Amino acid sequence: MHGNPIVQHGVSWMARTVSKTEIYVGYTILIVLLVISGGIFLKQSQYNPSIFKPTILRTESPALTSPPVSSSANLVQYAPKSLTALTPPEVFGPENLSDKINGKAELYLSAGFVRLVSQRFAIGDEPTAWMEAFIYDMGSPRGSYAVYSLQKRSDATELDTGDFAYRTENALYFVHGSYYVEIVASVAQERMSELVLSFGANFIGETTAGRVAIHEFILFPTKHLNKASISLLPSDAFGFQKFDSIFTAQNEVGDTELTAFLSQRKSPAEAVRLVESYTSFLREFGGTEVKSTLNIPGAKLVEIMDTFELVFSRGSILAGVHGAENRKAAEELALMLDQSLAEQGQ
C-alpha cells in the first residue's frame with residue numbers, strides 16, 4: 001500500500017519477533033495450521049508541532065462531529081501551497097477497501113472502519129517528488145487507535161508532542177479523534193518531510209474531532225511497562241474468537257519480556273465466563289492447567305507449547321499474561337497487574 005507492514009491480531013506462541021506485523025502474520029498462519037492439523041496451536045504551510053497533541057487520554061466529550069471530506073470532495077484543502085493534486089481523490093467503503101489495501105482490510109473492518117479517502121500530491125516544480133494522504137474514518141477513537149497501534153512501524157520516531165503521532169524517514173502517522181491518518185512520501189528528503197508534516201497539521205487544525213478517554217491505559221502497572229507498546233486488538237486476540245477489544249502491553253521483568261493484557265467487559269459475570277472459556281480453549285489445543293499459588297481468586301494458569309498463559313478477572317476487567325516463557329515472571333507480572341487494577345478501583 002504505502003510502506004506499512006501487515007498487522008497482527010495477537011502475539012505468537014513461538015519466539016517473539018521484532019515487529020508486530022511479523023507477529024500477526026506468523027500467528028495467523030499458525031492458527032490456520034492448527035485448525036488443519038486438529039491438534040496443534042494458532043499512525044497552512046508551516047508545521048506547528050503543538051498541534052500534534054493526542055485526542056485520546058483526555059477528558060471525555062462528544063465523539064467526532066465533522067467528517068473531513070464528502071465523497072465527492074478532495075483533500076486539496078489540507079495541502080500546503082507548494083503541492084498540487086497529482087490524482088483525483090479515491091473513496092473506499094467497507095465493501096471495496098480491499099481494492100486499496102489488499103491483505104490488510106480485515107484489521108480495519110474489525111476495528112469499525114467506515115471510509116477511506118486517499119489522494120496524491122506532487123511538488124509543483126519537482127513532479128517526481130510526491131506524497132499520498134490516507135484518511136481513514138474508523139468510526140471511533142478506539143478504532144483509530146487500534147489500527148494505529150497495530151500498524152506501528154518498527155523504525156518509528158515518536159513525536160514528543162503527542163502520544164499518538166510518529167514519523168518515519170518518509171512518512172507521518174497519527175490519530176485524530178476517529179481518524180487514523182497516514183501521509184507517505186515517495187522520497188525521503190527534508191523539503192518533502194516538512195510538507196508532509198504541514199499537511200498533517202492542516203488536517204488536524206481544520207478537522208473537528210471529539211476527545212474520548214481510553215481508560216484502559218492507566219490500568220496497566222507502570223513498573224516494567226513499555227508504554228509505547230500498548231496495542232488494541234479489536235477481535236480474535238491470541239486466536240480466540242471470544243477475545244475482542246483486548247489491550248496488550250510489553251513489560252520487561254528481569255531478563256524476560258512479557259505480554260500483559262486486559263479488557264473491560266460488560267459485567268463481572270462476563271469476565272469470569274471468559275476466564276473459563278479461554279482456559280478451555282487452551283486445553284483444547286493441548287494446554288495443561290497448572291496449579292498456581294497466586295493469591296488471585298479464580299486465576300487460571302495453563303502451560304502450552306513450553307509457554308504459560310495466565311488469565312483472571314477483577315470486577316468487570318479480564319486480565320492476564322500471554323505467552324510467557326518464564327512461569328515465575330508471569331506470576332510476578334500478574335500480581336502487579338491485579339494490584340494495579342485494585343488501586344484503580346476495579
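**Side-chain contacts**

Reply: Start with Thr259, which has a relative accessible area of 0% and is therefore buried. Keep in mind that this is a predicted model.

Me: Which side chain does Thr259 join in a polar contact?
Reply: Thr259 is located in strand 11 (residues 256-264). Its side chain makes a polar contact of 3.1 Å. The partner is the side chain of Gln250.

Me: How many aromatic pairs does a search of the whole structure find?
Reply: The search covers the whole structure. The number of aromatic pairs is 27.

Me: Is the pair of Tyr108 and Tyr180 stacked, edge-to-face or tilted?
Reply: The ring centres are 6.5 Å apart. Stacked needs planes under 30 degrees apart, and edge-to-face needs over 60. The planes here are at 45 degrees, so the pair is tilted.

Me: How many residues apart are Tyr108 and Tyr180?
Reply: Tyr108 belongs to helix 2 (residues 105-110), Tyr180 to strand 8 (residues 179-185). Both Tyr108 and Tyr180 are buried. The pair links distant parts of the chain, and the separation is 72 residues.

Me: What is the angle between the planes of Phe164 and Phe217?
Reply: Phe164 and Phe217 are 5.8 Å apart, centre to centre. Edge-to-face calls for over 60 degrees. The pair is edge-to-face, with an angle of 80 degrees.

Me: Which residue lies over the face of Trp130?
Reply: The distance from the ring centre is 3.9 Å. The residue over the face of Trp130 is Arg120.

Definitions and conventions
Residues numbered from 1 in each chain as written. Predicted model: local features only at pLDDT ≥ 70, side-chain atom pairs only at ≥ 80, totals over all residues. Heavy atoms only, no water. Phe/Tyr/Trp six-rings, centres within 6.5 Å; stacked < 30°, edge-to-face > 60°. Helix = DSSP H or I, 4+ residues; strand = E, 2+ residues; numbered from the N terminus. Buried < 20%, exposed > 50% of the residue type's maximum accessible area, 1.4 Å probe, protein only. Lys NZ or Arg CZ within 6 Å of the ring centre and 35° of its normal. Polar contact = N/O pair within 3.5 Å; in protein donor to acceptor, adjacent residues only side chain to side chain.
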